[in-house]
Amino acid sequence: MRQFIGQLTGVRAVAATWVMLYHYQPVLANLHLLLPGLHEILRVGRLGVDLFFALSGFILTHTYLKKMGPELSWPRSRHFLWLRLARIYPVHFVMLNVAGLAVLAQMKFGGADSSARSWLNPTDYLKQVFLVQEWGPNPSRGWNFPAWSLSMEWLAYLLFSFLVLLLFRMHERVSMKVLALAWVGALLPLLIYGTLYTSDPYYISGWGSTIRILTEFTAGGITLLIVRRLFAQTPNGPKRRVERLATTLSVAFPVVIVIFCLILGHVGALQWSSSDLPDTPNAADLPPKWHLILVPLLIAWIGSLALTNRGTSRLLAKDTLIFGGFISFSLYMTHTVWYGLWRAVMGKLHITGGLLYAVGAVGLIVGAFIIAWLMWKFVEEPAREWMRKRSGAAAKPIEEAALAS
């Protein structure tokens with residue numbers, strides 16, 4: 001198959017930045033930068049996590065379909081889980097403890113109210129350590145907030161050994177039409193939940209996080225099967241008309257997503273109000289209801305990007321975006337703790353607007369990327385390579401090493 005890891009690595013950079021700017025909306029609003037259009041796009045920036053979930057299913061199916069698909073094997077499953085821990089756990093554990101220390105420091109020196117942090121206890125800490133804090137209908141968040149998605153990813157990894165058995169047999173035995181129907185069927189529970197469950201703007205309650213990871217991860221895996229089937233059309237890959245269509249769709253899907261963002265953001269019945277959420281200071285910054293209907297478009301975008309190296313794929317495969325993809329996980333895991341420290345410092349200095357605030361905002365965003373690079377350089381990569389070598393694997397995955405060379 002043609003190399004598509006480059007553009008999908010670039011997608012990781014886009015997803016992490018989207019999530020970061022979603023969390024930084026109050027800063028942008030204070031600078032009057034949340035212009036119409038941009039605001040609607042950033043309001044649904046939490047969908048960057050859903051994009052990560054689908055990408056994970058796509059890439060892991062690409063990597064392990066032939067290795068783990070033929071039969072269930074405990075040694076292979078154990079090796080897979082160890083390599084996944086090598087990917088996510090070192091940064092998670094470091095940031096879990098950094099976040100805890102930051103909160104304790106804020107409570108001691110900043111006079112923060114401990115009652116608002118009911119999660120600051122040994123039980124919730126252990127849930128975070130074992131990555132089970134998001135499991136079930138009533139998630140226990142806190143500490144380093146973005147780690148909720150790692151808890152869901154870990155659940156998907158534990159189930160992957162069984163899922164890949166099904167995907168392997170689907171790949172060999174079913175038609176393209178059946179694959180397409182399976183893709184729709186995998187996402188149907190998500191769409192039903194996302195349109196009928198409207199009492200939680202974050203779609204967390206009522207097993208929401210579990211529904212999101214299982215449907216999106218599975219749909220990502222089925223997308224890989226469809227892509228492989230199209231690659232097998234000719235010895236040189238997809239038919240030219242398929243590649244041309246994929247190139248067009250790789251541009252069209254982001255445009256359609258933006259249009260849907262604008263529509264969702266301006267339909268009055270889909271907006272939250274203070275009466276809906278009395279404890280939320282600014283309901284206008286919350287994602288609109290039904291925003292999960294954008295997920296199928298994001299997943300289809302992944303498939304279109306994988307089928308072509310032209311257009312948007314070529315842009316995403318640029319060295320800068322590939323490097324952004326490399327540090328994307330560290331950016332995602334560090335940006336909220338950094339934001340909390342930034343707000344504490346700006347508050348202590350009584351800087352709430354003007355030129356100094358603008359300079360501080362630039363420092364916030366630039367600093368987020370610098371901290372992500374430092375975390376990637378000195379924690380994520382060294383720890384990952386050490387853990388991979390302990391299992392007898394290469395220090396870096398082959399395709400990732402090729403991108404870095």
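Reply: What follows is a set of questions and answers on a predicted model.

Me: What is the mean pLDDT of the protein, and where is confidence lowest and highest?

Reply: The mean pLDDT of the protein is 91, and 93% of its residues reach 70 or more. Confidence is lowest in helix α16 (residues 398-404), with a mean of 65, and highest in helix α11 (residues 295-306), with 98. Where pLDDT is low, the predicted coordinates should not be read in detail.

Me: Why is L131 called buried?

Reply: The word buried is used for a relative accessible area under 20%, and L131, with a relative accessibility of 1%, therefore counts as buried. This residue lies in the loop between α6 and α7, just after α6.

Me: What makes the phi of L131 worth a remark?

Reply: Phi of L131 is near 55°, which is a positive value in a residue other than glycine. Most residues other than glycine have a negative phi.

Me: Which value does phi take in Y203, and why does Y203 count as buried?

Reply: Phi of Y203 is near 50°, again a positive value in a residue other than glycine, and Y203 is found in the loop between α8 (176-196) and α9 (208-231). Its relative accessibility is 1%, so Y203 counts as buried, the cut-off being under 20%.

Me: How do you know that the buried residues of α6 line one face of the helix?

Reply: In helix α6, which spans residues 122-129, the residues D124, Q128 and V129 are buried. Seen down the axis of α6, these buried residues fall within an arc of 150°, so they line one face of the helix. On the other side of α6, P122 and T123 are exposed, a word that stands for over 50% relative accessible area.

Me: What makes the approach of N121 to T123 a polar contact?

Reply: At the start of α6, a side-chain oxygen of N121 comes to within 3.1 Å of the backbone nitrogen of T123, and the cut-off for such a pair of N or O atoms is within 3.5 Å.

Me: Which residues and helices line the second largest pocket?

Reply: The second largest pocket, with about 1,100 Å³ of space, is lined by 41 residues, of which I59, L60, R84, R87 and R384 lie nearest its centre. Among the helices that each supply at least two lining residues are α1 (5-23), α5 (74-109) and α15 (354-390), while α4 gives the most, with twelve residues. By class, this lining has 23 nonpolar, seven polar and eleven charged residues.

Terms used:
Residues numbered from 1 in each chain as written. Predicted model: local features only at pLDDT ≥ 70, side-chain atom pairs only at ≥ 80, totals over all residues. Heavy atoms only, no water. Buried < 20%, exposed > 50% of the residue type's maximum accessible area, 1.4 Å probe, protein only. Helix = DSSP H or I, 4+ residues; strand = E, 2+ residues; numbered from the N terminus. Arc of directions from axis to C-beta. Polar contact = N/O pair within 3.5 Å; in protein donor to acceptor, adjacent residues only side chain to side chain. pLDDT = per-residue confidence, 0-100. 1 Å grid on protein atoms, 1.4 Å probe; cavity = no way out; pocket = protein on both sides within 12 Å on 5 of 7 lines; lining within 4 Å. Points joined across faces, edges and corners; volume = space filled by probe spheres on them. Nonpolar A, V, L, I, M, F, W, Y, C, P; charged D, E, K, R; others polar.
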